[in-house]
Amino acid sequence: MMFIRINENADINEDLLEEVSYYHPDAEVDEQGNITVYHRTTKENATIIKQTGIMTAKEDALFFSSKESGYASDYGDTVVKFKIPSTELQVNDVFDGEVHF
């Protein structure tokens, strides 16, 4: 798993955490407000991400899901797991049991 550290002293986005807990009660969130999220991609891109820590967006943003499998499954055959501070995420879409960022 990769951990994205933006600012050790960052606040916790309580509103986002509340929304996540409503739509995906089993989402992994630690005491610092970091959310475990999953990014689907190709095997080749997953290797590059893990080796370099660099991700390149093919659209206007990078997309993640709160669930390893689910609605995002069609976006790649390989999953990269991250922990990202809640202050650095924006909800893109919600489903019953899953949140996309």
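Colleague: What volume does the largest pocket have?

Modeller: Rolling a probe the size of a water molecule over the atoms shows where empty space is left. In this predicted model, the largest pocket has a volume of about 630 Å³.

Colleague: Which residues lie nearest the centre of the largest pocket?

Modeller: They are H39, R40, E59, F63 and Y75. In total, 24 residues line the largest pocket.

Colleague: Which element supplies the largest share of that lining?

Modeller: Strand β2 does, with four residues. Both β2 and α2 (43–52) supply at least two residues each.

Colleague: How much space lies in the second largest pocket?

Modeller: The second largest pocket holds about 210 Å³ of space. Its lining is made up of 13 residues, and L62, F64, E88, Q90 and F101 are the closest to its centre. By class, ten of the lining residues are nonpolar, two are polar and one is charged.

Colleague: Is K83 buried, partly exposed or exposed?

Modeller: K83 is partly exposed, because its relative accessible area is 21% and buried would require a value under 20%.

Colleague: Where is I35 found, and is I35 buried or exposed?

Modeller: I35 is found in strand β2. I35 is buried, for its relative accessible area is 0%.

Colleague: Which residues does I35 touch, leaving aside those up to four places away in sequence?

Modeller: I35 touches L16, L17 and V20, and also E28 and V29. Further along the chain, I35 touches F82, K83, I84, S86, L89 and F101. Among these contacts is K83, the residue whose side chain meets D30 in the salt bridge.

Colleague: How far apart are I35 and Y75 in sequence and in space?

Modeller: I35 and Y75 are 40 residues apart in sequence, and their C-alpha atoms are 20 Å apart in space. Y75 is one of the residues that lie nearest the centre of the largest pocket.

How values were computed. Residues numbered from 1 in each chain as written. Predicted model: local features only at pLDDT ≥ 70, side-chain atom pairs only at ≥ 80, totals over all residues. Heavy atoms only, no water. Salt bridge = Lys/Arg side-chain N within 4 Å of Asp/Glu carboxyl O. Buried < 20%, exposed > 50% of the residue type's maximum accessible area, 1.4 Å probe, protein only. 1 Å grid on protein atoms, 1.4 Å probe; cavity = no way out; pocket = protein on both sides within 12 Å on 5 of 7 lines; lining within 4 Å. Points joined across faces, edges and corners; volume = space filled by probe spheres on them. Nonpolar A, V, L, I, M, F, W, Y, C, P; charged D, E, K, R; others polar. Contact = heavy atoms within 4.5 Å.
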